[in-house]
Amino acid sequence: TTFYDRGRNLKGVFAAARDVTDRKQFEHKLQENNVELESAKAAAEKANLAKSEFLSSMSHELRTPLNGVLGFAQLMESATPPPSPSQQSAIQHILKGGWYLLRLINEILDLAMIESGKVTVSAEPMCLAAVLLDCGVLVGPQATRRSVELVLPDFDQPCYIHADLTRVKQVVINLLSNAIKYNRPGGSVTVRCERHGEERVRMYVKDTGVGLSEDQIAQLFQPFNRLGQEQSTEEGTGIGLVVTKQLVELMGGQIGVESALGVGTEFWVEFPESQRPELADISQMPAVTRIKVGAAAGQ
């Protein structure tokens with residue numbers, strides 16, 4: 001740049017230079033790193049998709065022979081003449097292991113399909129009371145075996161949500177089953193529903209089990225993480241809650257949990273509220289009140 005004296009007479013020229021080699025090298029290195037990062041990201045996504053595809057195909061392949069094993073075991077169990085006590089015990093081991101393995105395969109298949117983006121949901125209005133009644137009937141025997149009381153809410157006013165019926169039942173059954181499985185003998189599982197915020201419905205599932213610590217809550221939705229229950233007698237895969245969370249979010253809902261050690265755990269799921277379908281007949285809605293199971297129910 002030029003500079004002048006007070007009389008505006010040209011006095012000279014001032015020049016400055018700066019070595020930008022380091023900055024240019026840094027920018028070049030950053031660009032290379034970005035290219036490598038994009039390449040690594042694409043490779044990771046491709047590997048994840050391949051993993052999901054593999055799990056999906058293998059789950060289908062494993063279910064076919066396993067259904068055959070279970071079918072033959074059930075035929076042996078009901079054979080005439082009936083099997084001896086030792087044979088019956090062996091058949092029960094086959095059936096128990098087989099049903100557990102089938103449940104594991106189904107959960108892996110669900111997780112793989114969700115991760116690969118192949119799960120679609122078909123949202124429709126549904127009566128939450130009817131859904132809870134159906135699910136309560138399905139988990140009732142499990143509660144009876146463990147002497148756990150299952151308490152469903154009274155619906156003075158019909159409550160409707162907008163979601164996928166099959167997936168909602170899957171979510172509710174998983175939450176109820178977990179609440180029963182990790183409860184104490186003589187405990188209870190209480191379900192309640194309420195409107196939450198604008199056009200949202202929240203369902204709570206509360207148990208009287210041992211509860212969860214803050215560290216366990218932080219790891220709750222990690223795949224294959226059983227939160228220290230690996231050595232317990234309770235069967236589990238650590239996948240169910242992961243699938244539940246992803247299904248709830250696919251339907252535009254939310255899931256959360258509150259827990260206290262020695263007191264119990266309460267899960268909640270939230271769905272968009274819906275209006276009553278025009279063809280629905282409220283008078284035919286099942287009367288959902290209180291279901292008592294276990295030792296107390298037979299008295």
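This is a predicted model: local features need pLDDT of at least 70, side-chain atom pairs count only at pLDDT 80 or more; totals for chains, interfaces and linings use all residues.

**Exercise 1. Find the partner of Asp-134 in a salt bridge, and say which helices the two residues lie in.**

Step 1: The side chain of Asp-134 meets that of Lys-169, at 3.2 Å from N to O.

Step 2: Now place the two ends. Asp-134 belongs to helix α3 (residues 128-145) and Lys-169 to helix α4, so this pair ties together parts that are 35 residues apart in sequence.

Step 3: Check the accessibility. Asp-134 has a relative accessible area of 36%, so it is partly exposed. Lys-169 is partly exposed too, at 25%.

**Exercise 2. Work out which residue Glu-270 forms a salt bridge with, and whether Glu-270 is buried or exposed.**

Step 1: The partner is Arg-200, and the closest N and O atoms are 3.0 Å apart.

Step 2: Glu-270 sits in strand β9 (residues 264-272) and Arg-200 in strand β7, so the contact ties together parts that are 70 residues apart in sequence.

Step 3: The relative accessible area of Glu-270 is 5%, so it counts as buried. Arg-200 is buried as well, with 17%.

Step 4: While you're at it, look for a network. Within it, Glu-194 and Arg-192 have their closest N and O atoms 3.3 Å apart. Over the whole structure, the search turns up eight salt bridges.

**Exercise 3. Say how many disulfides the structure has, and how far Cys-193 is from the nearest cysteine sulfur.**

Step 1: The search of the whole structure comes back with zero disulfides.

Step 2: For Cys-193, the nearest cysteine sulfur is that of Cys-159, 6.0 Å away, and Cys-193 is in no disulfide. The cut-off for a disulfide is 2.5 Å between the sulfur atoms.

Step 3: Cys-193 has 21% relative accessibility and so counts as partly exposed. Cys-135, at 0%, counts as buried.

**Exercise 4. Describe the backbone and the side chain of Arg-8.**

Step 1: Start from the background. Most residues other than glycine have a negative phi, and most peptide bonds are trans.

Step 2: Arg-8 is not a glycine, yet its phi is positive, about 65 degrees. Its place is the loop between β1 (2-4) and β2 (10-13).

Step 3: Turn to the side chain. The charged end of Arg-8 sits over the ring of Tyr-4, 4.6 Å from the ring's centre.

Step 4: Pick up another case of positive phi. Glu-199 has one of about 55 degrees and lies in the loop between β6 (188-195) and β7 (200-207).

Step 5: Finish with the peptide bond from Thr-80 to Pro-81, which is cis, with omega near -5 degrees. Pro-81 is in the loop between α1 and α2 (85-115).

**Exercise 5. Identify which residues form a nonpolar patch on the surface with Leu-62.**

Step 1: The other members are Phe-54 and Met-58, and together with Leu-62 they have about 280 Å² of accessible area.

Step 2: Leu-62 is part of helix α1 (residues 21-77). Its relative accessibility is 43%, so it counts as partly exposed.

Key: Residues are numbered from 1 along each chain as its sequence is written. Side-chain values use heavy atoms; hydrogens and water are left out. Patches are made of residues with over 30% relative accessible area and no salt bridge: like charges are joined within 9 Å, nonpolar side chains (Val, Leu, Ile, Met, Phe, Trp, Tyr) within 5 Å. Accessible areas come from the Shrake-Rupley method with a 1.4 Å probe; for residues, only the protein chains shown count as cover. A salt bridge is a side-chain nitrogen of Lys or Arg within 4 Å of a carboxyl oxygen of Asp or Glu. Helices (H or I, at least four residues) and strands (E, at least two) are DSSP runs, numbered from the N terminus. Buried means under 20% relative accessible area, exposed over 50%, partly exposed in between (1.4 Å probe, protein chains only). A charge sits over a ring if NZ of Lys or CZ of Arg is within 6 Å of the ring centre and within 35 degrees of the ring normal.
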